[in-house]
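Good morning, colleagues. Please look at the sequence and the structure on the screen before I describe the strands.

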Amino acid sequence: MNNPGESVYNKTKLKTEMDLYEVQVDYIQYYYPSRYWKYINSTVKASALDDYFSQLRGFNMVSPEGDGVHATDQPKGEYRADISEFFCDGELVSLRSWYYGYSGGAHGWRGVDSMNFGGSDCGSFTLEDLFGLDETQALLIIKRCDEILKLDGSTLSAVENKAPISLADEIDGKFLTAIEMLEQFNFNDRGIVLNFGSAVGLPYAAGEFEVTVPWTAWNFEINEIYEHTQIAKFINEKSG
């Protein structure tokens, strides 16, 4: 394996281009031969393939006579996704996937997905598991993100005019919980990067946002089942 922080990988492309739509998903694959890196590669590949075939199925299910991408007065449908490295330090890996799609209408859809791996003694992890977060704690984090973002709906189009925009207001406990709103995150030397956008209720016109919570300001204890893992040691070192 190469020195910590040095990434060695290639990018694989899945692409189908038809007259009425185009689907492309790019994803990362590491060269490292160990079981752990094979695990990361297989997790990434499975996610990319699932996304790819799901989009093909969606575009193909619309008949030529129907609405959407097959209607003659509609522009060509498209979908793009790219799973890339956000951060890597030794066996600690954080990946981010940007995606965008359009199949007709006023606008398409877009968002950010993430995958996080805490080393060969941990595998993948979520914030909920790593820190044992409950709904109350997750809601406190969301409210703090609201204070940082200060999203103002008056800056959007008249159709989307809301002031202010609150992430906490989108949580209803049934269709979207605070824990679910924190599912898309990354990490690096600085801290935890929380990703927000239309997937968690923000207006499409608001775009995608991220909030970085420094390790020194992250006040949640690591779950005891993770306390001897590489990711726990990394966090403890960074939080001082």
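This is a predicted model: local features need pLDDT of at least 70, side-chain atom pairs count only at pLDDT 80 or more; totals for chains, interfaces and linings use all residues.

Through how many residues does a hairpin join β6 to β7? The hairpin joins β6 to β7 through three residues. Residues are numbered from 1 along each chain as its sequence is written, and side-chain values use heavy atoms, with hydrogens and water left out.

Strands here are DSSP runs (E, at least two residues), numbered from the N terminus. Two of them pair if DSSP finds at least two bridges between them.

Let us begin with β7, residues 191-196. Six of its six residues are buried, that is, under 20% relative accessible area with a 1.4 Å probe, protein chains only. Strand β6 (residues 185-187) runs antiparallel to β7, with three bridges, and Asn-186 stands opposite Val-193. Strand β8 (residues 209-214) is also antiparallel to β7, through six bridges; there, Val-193 faces Thr-212.

I turn now to β2, residues 21-30, where ten of ten residues are buried. In a regular strand, side chains alternate between the two faces of the sheet. In β2, Tyr-21, Val-23, Val-25, Tyr-27 and Gln-29 point one way, and Glu-22, Gln-24, Asp-26, Ile-28 and Tyr-30 the other.

Strand β1 (residues 9-17) pairs with β2 in the antiparallel sense over nine bridges, and a hairpin of three residues joins the two. Thr-16 has Val-23 as its bridge partner. With β3 (residues 77-89), β2 runs parallel over seven bridges, and Glu-22 stands opposite Glu-78.

Key
Buried means under 20% relative accessible area, exposed over 50%, partly exposed in between (1.4 Å probe, protein chains only). Helices (H or I, at least four residues) and strands (E, at least two) are DSSP runs, numbered from the N terminus.
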